[in-house]
Amino acid sequence: MKIEQNYSLEKQNTFHLPVMARWFMEYETEEELQRILRDEYFQECSSLHIGGGSNLLFLNDYNGIIVHSLIKGMEVVEETTDQVILRVGAGELWDDVVAFAAAKEWGGIENLSHIPGEAGAAALQNIGAYGAEIKDVIQTVEAYNQLTFEKRIFTNEECQYSYRYSFFKNEQNDPYIITYITIRLTKNHHVFHTDYGLLNQALEGQRLSPAAIRDAVIRIRQSKLPDPEQLGNAGSFFMNPIISPEKYQQLKNEYPDMPSYPAADGRVKVSAGWLIEQCGFKGQSHGAVAVYEKQALVLVNLGGATGDEIALVAESIRDTVFSRFGVELIPEVRYIG
Ligand code: EPU
C-alpha cells in the first residue's frame, strides 16, 4: 500500500490542475482497501475515491484523503462457445480492457475504445460512446460499503443504470467503492453498432470485427477529441440534455438542423455541443481556458488554468445556452472542493 502526505494531484486529473492532496493512498487488494476503510483516522477525515481522474474538476487543494485503486487483473471466469465472462480489477485502465478484448475478437465493448479512465469508474459512470454504453455488457459490480465495510455484488439491474448514471452516483445511497466488475462479451454472433455518426463511413468496405471497429473509433476520437496528455481536458464537460417532446418540438420548429436522438419515455436527447456552438463559444478562449475548436462540448486547459477559471467558463456557457434555448446544461464533470 502506498501512503503519501502532501501529494500533487497534477497527474491524477486529466485537466492537469496542480492541486495538492493532504493524503494520498493507493491499495492493491481488497484486503488493503478493508484496512483503509476500517482505519479510525480515515473515518474521521473527508475522503474521495478517484479513478483515472478523467471526469474531475478540482476547485482547490484537497484537504483530506484521496484514495486510488491499483486492483488489476483480467480473468475469464466463464466461457462457452458463444460468450465469455471477464472479471476485471477496478484499477485496470479501461482502454487496456478494450484492447485485450478486441485482440481476442471478443465483442461488446469495441465502441467504447480509447475512453480515458479506469474500469471501476467506467462502471460507476456508465461510460458511453458511438451508440454503446458499458451497462450493455455489465454482468455484476463488486463493491465495498464504505460505512459497514460489507462486500456486495450488484447485478446489472441493481446498478440502476441510465445515461451517465448508476446507483453509485446517487448521493442518497450509502457510498460504495467498486473493486471488480464482470462483463459479458460475445465470441460469435457479434452484434455490432455501427450506425452512429461517422462510424459507418469510417468502416466502409471493411469486414466488421471488434478490432476493425476499435480502430475506426480510435481514428474518429483522435480527429475530434484532444489528447489529455497534450491538452488538459475531461472529455465532454456537460451531459447531452434530455428534454420533453414539447420542448423538442418547439426547438425543432425554430432550428430544423438541430441534431437529436430518441431517449427513454418519449423524451429527446439533444446535442450539448451543437447548442454551445450555436452560442458562438466553439474555439473561443478566456485566459487559459478554451472551448475546443473541434468539439464544443470539451473545455481545455491551455496551460496554467485553475479549477475556478474552468468553472467560470462553464457557468457562462450554461447561462448563455439557457437564455438562448431554455435548455439547462448539467455538467458531466464532477466538481470537487
Ligand atoms: N456537434 C456540433 N458542434 C460541436 C460538437 C457536436 O454541432 O461542437 C453536433 C455534431 O455535429 C453531431 C452531434 O452534435 O451532430 C453529436 O456530436 P458527437 O458525435 O461529437 O457526440 P456528442 O454528443 O457531442 C457524445 C458523448 C461523448 C462520445 C460521443 C460519441 C456525451 C456527454 N458525450 O458526445 O462522450 O464520445 O457522443 O458517441 O454524451 C465523454 O463523455 O467524455 C465523451 C467524450
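Me: In what order do the strands of the open sheet of 4 strands run?
Reply: Happy to start there, with the note that this is a predicted model, where local features need pLDDT of at least 70, side-chain atom pairs count only at pLDDT 80 or more, and totals for chains, interfaces and linings use all residues. Residues are numbered from 1 along each chain as its sequence is written, and side-chain values use heavy atoms, with hydrogens and water left out. Strands here are DSSP runs of E with at least two residues, helices are runs of H or I with at least four, both numbered from the N terminus, and two strands pair if DSSP finds at least two bridges between them. The pairing is antiparallel, and the order is S13-S19-S18-S17.

Me: Which residue of S19 is the bridge partner of Asn233?
Reply: Strand S13 (232-236) is an edge strand of that sheet, as is strand S17 (285-286), each pairing on one side only. S13 pairs with S19 (residues 298-301) in the antiparallel sense over 3 bridges. In S19, the partner of Asn233 is Val300.

Me: How much of the ligand's accessible area does the protein cover?
Reply: Polar contacts are pairs of N or O atoms within 3.5 Å. A ligand oxygen is 3.0 Å from an N or O atom in the side chain of Lys224, and a ligand oxygen is 2.9 Å from a polar backbone atom of Ser236. On its own the ligand has 810 Å² of accessible area (Shrake-Rupley method, 1.4 Å probe). Of this, the protein covers 83%.

Me: How many residues of domain 3 are in contact with domain 1?
Reply: An automatic or database assignment sets the domain bounds, giving domain 1 (2-69), domain 2 (74-223) and domain 3 (227-336). The C-alpha centres of domain 1 and domain 3 lie 29 Å apart. Contact means heavy atoms within 4.5 Å, and 13 residues of domain 1 touch domain 3 in this sense, where the number of residues in contact is 19.

Me: Which residue in the turn between S10 and S11 has a positive phi?
Reply: S10 (residues 138-145) and S11 (residues 151-155) pair in the antiparallel sense over 5 bridges, with Thr155 of S11 as the bridge partner of Thr140. The two strands form a hairpin with 5 residues between them. The residue with a positive phi, about 70°, is Phe149.

Key. A polar contact is a pair of N or O atoms within 3.5 Å; within protein, one must be able to donate a hydrogen and the other to accept it, and residues adjacent in sequence count only if both atoms are side-chain atoms.
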